[in-house]
Amino acid sequence: KFTAFLLILNLLTFGFILYLGKESGSGNWGDQGLAEQLDGKLIEADQITLLGKDLAEQRILVREGTSWSLTEPMNWPANYFAVNRILNQLQFIEEEASFSIDELADTGQSLADYGLEDPALRLTISEDDNSVSLCVGTVTDIGNNVYLLGPEKKRIYVIDRRVIDGLLLDLNDLRKREIFEIPVFEVQELSLQIRASNSGTTNDLKVRLAKSKGKWIFETPLSAEADPALVSNTINTLAAVKVGRFVSGQAIDPVALGLDNPFMRVTLHGNKRRQTLIIGNLDNTRKQDAPFYYAKLESNPAILTVEARPFDEL
């Protein structure tokens, strides 16, 4: 009898817990803090969209696995730490105050009075087909805060302006600076092709090295064993090459930049994948301490510049 009594008591307890869970889950979002409303969406987020008057161009970040990529305004891997910073700021967002939209009618005000009719910034966090949006309005009269329309579109929150400033990162900070994604330990082949006009020969100079049984072997232009230390240093140098700047503009002419008939192509071969960097003309449009070449990845239309020294040494 005592065992049966304990069993019934447990069933009643678990039933009560389940009832409370359902009541909490079906509650109004307005009863929750802003951080609680966003928490689950941020953990599972696979797309972040930013647009509004404070941004010159729409920005879309897409997650694949554990990596984030910027797909708008250009396609390029995103800076992992920059994206995590955005998500962390939103995860721990705190409101200084909040009030219901229903209260606006009583005071003769509207969303436009808080800059939320045509928001300065609209943030949408998506996970599969589910999404939530936040609208950022004007700066408050007192304090370094801004008005924010919550995801349920029923409450206006007052939050620290620094959280919003963190969303408006410069594109150069949001994009990954590294060019080659194949890690050094994975590289099994290195290929170079240098245009004949730069090498003084009638044919393009082609060099190909491959790793075989722990040794680096020249396959082209001759068959010979390569110096492993020099090959390793060369691959490390190439893998460490970073973007100088991204070249933007609608009227970019790849021919004028030397990318249509490049003077050099550098290819790193990894495990069932490869990446080719195309090197064009020198960038003479800016005064720089060191010379830079125009460049682009073969599989990506984004045009950028890279420091000339590593490629001149090749």
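In strand β7, Val 132 is the bridge partner of Ile 125, and this pair of residues opens a description of a model that is predicted rather than determined by experiment. Local features are reported at a pLDDT of at least 70 and side-chain atom pairs at 80 or more, while totals for chains, interfaces and linings use all residues. Residues are numbered from 1 along each chain as its sequence is written, and side-chain values use heavy atoms, with hydrogens and water left out.

**Around strand β6**

Strands here are DSSP runs of E with at least two residues, and helices are runs of H or I with at least four, both numbered from the N terminus; two strands are said to pair if DSSP finds at least two bridges between them. Strand β6 covers residues 121-127, and six of its seven residues are buried, a word that stands for under 20% relative accessible area, with exposed meaning over 50% and partly exposed the range in between (1.4 Å probe, protein chains only). β6 and β7 form a hairpin with two residues between them, and Asp 128 in the turn has a positive phi of about 55 degrees. Leu 123 of β6 is the bridge partner of Leu 50, and Leu 50 also stands opposite Arg 59 in β2. The pairings among these strands are listed below.

| Strands | Sense | Bridges |
|---|---|---|
| β1 (residues 47-51) and β6 | antiparallel | five bridges |
| β6 and β7 (residues 130-139) | antiparallel | seven bridges |
| β1 and β2 (residues 59-64) | antiparallel | four bridges |

**The sheet and the chain**

These strands belong to an open sheet of nine strands with antiparallel pairing, in the order β4-β3-β2-β1-β6-β7-β8-β9-β5. Its edge strands are β4 (76-77) and β5 (95-100), each of which pairs on one side only.

The protein chain has nine helices and 18 strands. Its radius of gyration is 28 Å, well over the 20 Å that the globule rule gives for 314 residues, so the chain is more spread out than a compact globule; the radius is taken over C-alpha atoms, and the rule is 2.2 Å times the number of residues to the power 0.38. The C-alpha atoms fill a box of roughly 90 × 65 × 30 Å along the principal axes, and 40% of the 314 residues count as buried.

**The start of the chain**

Phe 2 lies in helix α1, which spans residues 2-25, and Phe 2 counts as exposed because its relative accessibility is 60%.
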